[in-house]
Amino acid sequence: MISGYEPPALPKTHFLDNRIFTDETIFAQEKEEIYQRVWLFVCHESELAAQGDFRTVSVAGKPLILVRAPDGIIRAFYNVCRHRAAPVVREEAGNASEFQCFYHLWTYGLDGACTGITKPSGYDAVQLDRSKLGLISVRCDIIAGLVFVCLSPETEPLEDYIGPIIDAVHEPLSTAPLKVFHYNKAELGANWKLWQDNNSERYHSLLHFINRKTQPWVIAKTSPMKLRLFDNGHSGYWSDGEATVTYEAAGYKDASVGTLPGMRDNEMRVINIFPDLMINIRANVVRLDRMVPIAPGKTLVEWRGLGLAHVPEDVERDRLRHHNMF
Ligand code: FES
Ligand SMILES: [Fe+2]
């Protein structure tokens, strides 16, 4: 409880102190006690398809490099030069055969090893050991094609952290090659928990009556989708098999072309992996929302459209329209 705060005379479970959305101290605490401890989603594996493909990301305030190393494994490192801490990679994404720091030109291999020091003889007096000066690695693992990192060495393995909610994702995301066909990002003037809360409940669904025409339950005021709660804060909602989306209502004649494995043509699943990932799977489109808290009232959201890697051009067009509608 925040000191000096007098809560209303209600049971503790019946209200939130709204300073959890605005207070700098609470925000710093969340970064340290949640974001620096749990597994966080960073990208889809297809975005790092070839050897040397890299991306830079900010995770819990720390700059990281993700790279497909020569052994085929996606690795994560702090994007901090071991010389004088300059950022080693300054692009958002690309392909490289090695990384070179712009400041004094030290070089690093794709496996993070320090491969070159400028004017090494200058360090003779201190017998500098280059083998100990590789980029510092961060835990990185993949589940259902989703790449996660974890800054803490103590947190349980990714599979245990995510737990059984992965069953709702596994078949559509793991059994056929997928690609990111759309990417967008924006900063929202809202606290990260509002984004998470909004994705975890469907009380706001009536709003979609205005901007979407494909959700029959909105019109019928009923839905076969059920809210499901899991350990570690994960949640989701999906039906037990009943139809959940009527694509024809919005003129999507071929919405089922390219349907993902394990999905029915008219099925929709929403899976929230706490704290930063929302997966929304509909017939042939997956939306991946990654959320990065920047300040108490500022949140970066990245939207990815994911689908089967190989589909005809007209299906690709329809899929993009379908994706942009949600
Ligand atoms: S800080 Fe990177 S080479 Fe000096
Ligand atoms: Fe919504």
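Helices (H or I, at least four residues) and strands (E, at least two) are DSSP runs, numbered from the N terminus. On that basis R290 belongs to strand β16 (residues 285–295), and D276 sits in the loop between β14 (268–273) and β15 (277–282). The model is predicted.

**D276**
- D276 is buried but forms no salt bridge. R290 is its nearest side chain of opposite charge, at 4.4 Å, whereas a salt bridge requires a separation within 4 Å.
- A polar atom of the D276 side chain lies 3.0 Å from the backbone nitrogen of F41.
- Beyond four places in sequence, D276 contacts Y35, L40, F41, Q196, D289, R290 and M291.

**R290**
- R290 counts as buried because its relative accessibility is 4%.
- A polar atom of the R290 side chain is 3.0 Å from the backbone oxygen of S58.
- The C-alpha atoms of R290 and V42 are 7.2 Å apart, although 248 residues separate the two along the chain.
- With residues up to four places away left out, R290 touches F41, V42, V57, S58, V59, D276, L300, V301, E302 and R304.

**Cysteines**
- The disulfide count is 0, the cut-off being a sulfur pair within 2.5 Å.
- The sulfur of C114 has its closest cysteine sulfur in C81, at 7.6 Å, which is too far for a bond. C114 is buried, with 7% relative accessibility.
- For C140, the closest cysteine sulfur is that of C43, 7.8 Å away and therefore too far for a bond. C140 is partly exposed, at 21% relative accessibility.

Terms used
Residues are numbered from 1 along each chain as its sequence is written. Chains are lettered from A and ligands numbered from 1 in the order in which they are written. This is a predicted model: local features need pLDDT of at least 70, side-chain atom pairs count only at pLDDT 80 or more; totals for chains, interfaces and linings use all residues. Side-chain values use heavy atoms; hydrogens and water are left out. Buried means under 20% relative accessible area, exposed over 50%, partly exposed in between (1.4 Å probe, protein chains only). Lys and Arg count as positive and Asp and Glu as negative; His and the chain ends are not counted. A polar contact is a pair of N or O atoms within 3.5 Å; within protein, one must be able to donate a hydrogen and the other to accept it, and residues adjacent in sequence count only if both atoms are side-chain atoms. Contact means heavy atoms within 4.5 Å.
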